[in-house]
Amino acid sequence: MTAHQLIFAYLAIAITGLSVMVITRRNPVHAVLWMLVLFVHIAILYLFLNAEFLAAIQIIIYAGAILVLFLFVIMLLDVKDVEMERRFLGLWPAGVVITAILTLLSVIVLREIDVFPPLGQFSIERIRSEGNIMTIGRVLYTRHLLPFEIASLILLVAIIGAVVLAKKRKGVE
Amino acid sequence: MVPLSWYILLSTVVFGIGVIGFIIRRNLIMIFLSIELMLNSVNISLAAFSHYLQSMTGQILVFFVITVAAAEAAIGLAIIIALYRHKPSITAEEVNLLKG
Amino acid sequence: MLILIPLLPFIAFLINILFGRRFIRDRAHYVSIPAVVGSFILSVGAFMDVLDGRVINVNLYEWVISGSFVVPVGFLIDQLTAIMLIVVTSISSLIFIYSVGYMHGDRGYYRFFAYLSLFVFSMLVLVMSNNFLLLYFGWEAVGLCSYLLIGFWYERPSASNAGKKAFIVNRFGDFGFGLGIILIFLTFGSLEYLKVFSEAGSILGQKTSIFGLEVETITLICLLLFCGAVGKSAQIPLHVWLPDAMEGPTPVSALIHAATMVTAGVFMVARCNPLFNLSHTAMTTVAVVGGVTAIFAASIGLVQNDIKRIIAYSTVSQLGYMFLALGVGAYTAGIFHLYTHAYFKALLFLGSGSVIHALHDEMNIQRMGGLKRYMPITYWTFVIASLSISGIPGLAGFFSKDEILYRTFLGGGTGKILWVLGTIAALMTAFYSFRLIYLAFHGDFRGSEEQLRHVHESPPVMTIPLILLAIGAIAAGWVGIPSIFMEHGDRIGEFLAPVLGRPEAEGAHSTEVMVMTLSVIVSIIGILMAYIMYVKKTDLPERMGSALRPIYTMLYNKYWFDEFYHVTIVRPVLRASEKVFLGFFDGRIIEGVVNGVPDLIGSFSQRFRRIQTGLLSSYGLIMVLGAIIIIWAVIFSR
């Protein structure tokens, strides 16, 4: 086992365990905090995959923005402890079993993937020499310019939508 | 060297955990959190493919997934707030207007 | 340019119908009048072209292409069309102007002008088309406009019923007309006039069997086409709708139910003269139907009291004259009468409209009288129109009517009988026309004090069209002066000869003079009788009415045609509809299907609704199950 593999093993076990922690916490605040740790681990995984930019936005956007939004909402809603007493729905054993089957099937299928397309031009050396951000930027602003602009529109819609939805309406009720 | 299939395996397992979370939790916020978990598992596999196939497209996709996740989180949480204002509860069983 | 002739009114229609309610409202005439006057000017241009001998036949667009069945949208402008264009557009223009005064302040003002413009468009398509299908389109479209305009005041049940009646009665005729067109296509393989007419001779002697009965194809075609003409031009036995159509506004009666639409049947038969010429049976039918209608409608007109209905029966009678002329082969005379009739009949209607307007919707001539003093222009124009229709020498009606009677007289044995009918009808025409004048305009006013106080001459916007039409009623006939008075006086006959041909039989001059003198004498007798009965000895009508009670009752009730139809057709149909269609088809089959399908879906839904728990998680679970099934299927199907 190389050092690489060791670190991957640690990360894989940690990510799996943390995921279980996240979904089983009684208090949503705790779940979000576990999620934060999980995201840091995923960011590290990205670094191993030569994706420094992704690691950065994983921390900044996911951990820094989205999770903070979650925390805000949780604080805002002031969920009573009574409500948190029962964590799971009645159908939870069925859910776990069925999902386990799905996962198992997926693993079986994915193991058999053996056809791969020819390697692309972005070899590790090239990315290293150019720098990850520059490579991503170049691709993003040339080949994927239109989706990029559409993404900005989606964000705009989200902003407006969130404001409209969360606004207190006068006269309603 | 770590084989690609390990990453895929990790991604699948995390995705499954996310699905379980989605199905079994009562709290709507937790359901949302599970969705974020699923998105992240997919991101892992995308990034892994990007690395192993030496193609940038995977990373670009991750970028877009994160964008959409942010939008989705904003809208979803806004819906939760609106729901909460309507009926002071955020358990999945209470939100059953679609019940036939 | 020519396409603009029908297109201008259509554009006016679109503008009025789309923007009328909101924006145009009382300014609708600013849209419609320029459009129709524009088409009038263009029509004059087209007429000039034709006068120079340029006959236009263009296909603009292939409307229907289906195998060998090709129908173009095409226009044929020859001598006949040119005359019709002038008649339609000139009278429409005047009536549009008149309507500005007559319809002033009506709630549906914009709607009125929209429909009227649509009518002008349809009528122009009808006369300009170069094939039977486009003719049929125009034919049905004018029928639709007629329906819309008869029922224009749809709040009145009588008006909407009259509209329905007109539409349904016309359906009987149009059914035959449609069959006729189909038969033309089956026989000739084409619907274009020129092709059909040029090949018409080749099918002589060909037989078609209907229900085992061998009929000459050409006769069948002509009779079916004539069916349509009978419906549209209100001939016996389908005349019943026209008097009821007087429920519409008076300008509509003048334009559609006197001057233009009802003459479409005459136009169509004249247009198809190459076909009709080949069938003696069909020609005789046309002549007999026309002659009988002429005297029959005139006799009803003798005793009616509603001012518009009198004129309506007069229209039916005059249309009968036109068919009489067509039936004896004097197509030119028929079209000539169509053309003069349009002017004096439109004038009569507009004059009666002026009277009705002045008396606030009073239509009973028994409650009028003495209006001469109050409305001189209406009176004098009315008199001119009546003299013209009575056939007083020098006026338009004289020339065309005498041409018809003369041609009928020459038409052999049947012709002699029909001539007698026509001459008696002329007597009646003169009588009822002047009965109307004496009752409405002479003597003392018999209406209420209230009405008398408000009686007034109509505004100039209404009287100017009256005066212009009066000029037409005087002078329109001067293009057809018989050759005994003036060499080459019959200019209209010569003009139309390329399309309609010339009557072969030429009688001696003395015969023509005899026929003419007789009809003038008859007309004068009619006028004098009316004068004696309604001015000199006003108790005479009363005594005659009681002396001839059965005849009077029969005429007053219009020979019980409506009652007859009610018993033989309307009631059985209604009864059958109620039992068979409402009871069985609607109640069982339609409602069975309509209610059964939702019931079925409902019961299914009741069963499947349990899946819809409304619980987010269960939806997720089902989704996962679905994914499992798909993956499973993919793995184990290899």
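Keep in mind that this is a predicted model. Start in chain C, where strand E3 (residues 207–210) and strand E4 (residues 213–216) pair up in the antiparallel sense, with 4 bridges between them.

Now move out to where chain B meets chain C. How many residues of each chain are in contact? On the chain B side there are 13, and they touch 11 residues of chain C. The size of an interface is often quoted as the accessible area lost when the parts come together. For chain B and chain C, the buried area comes to about 890 Å², and carbon and sulfur atoms give 69% of that.

What about polar links across the boundary? The count of salt bridges between chain B and chain C is 0, while 1 residue pair is found in polar contact, with both residues at pLDDT 80 or more.

Which helices of chain B supply this surface? Helix H1 (4–24) and helix H2 (28–52) of chain B each bring at least two residues to the side that touches chain C. H1(B) gives the most, with 3 residues. Sort the residues on that side of chain B by type and you get 8 nonpolar, 2 polar and 3 charged. So much for composition; the charged residues there go along with a salt-bridge count of 0 between chain B and chain C.

Note on methods. Residues are numbered from 1 along each chain as its sequence is written. Chains are lettered from A and ligands numbered from 1 in the order in which they are written. This is a predicted model: local features need pLDDT of at least 70, side-chain atom pairs count only at pLDDT 80 or more; totals for chains, interfaces and linings use all residues. Side-chain values use heavy atoms; hydrogens and water are left out. Contact means heavy atoms within 4.5 Å. Buried area is the accessible area (1.4 Å probe) that two parts lose on being put together, summed over both. A salt bridge is a side-chain nitrogen of Lys or Arg within 4 Å of a carboxyl oxygen of Asp or Glu. A polar contact is a pair of N or O atoms within 3.5 Å; within protein, one must be able to donate a hydrogen and the other to accept it, and residues adjacent in sequence count only if both atoms are side-chain atoms. Ala, Val, Leu, Ile, Met, Phe, Trp, Tyr, Cys and Pro count as nonpolar, Asp, Glu, Lys and Arg as charged, and the others, Gly among them, as polar. Two strands pair if DSSP finds at least two bridges between them.
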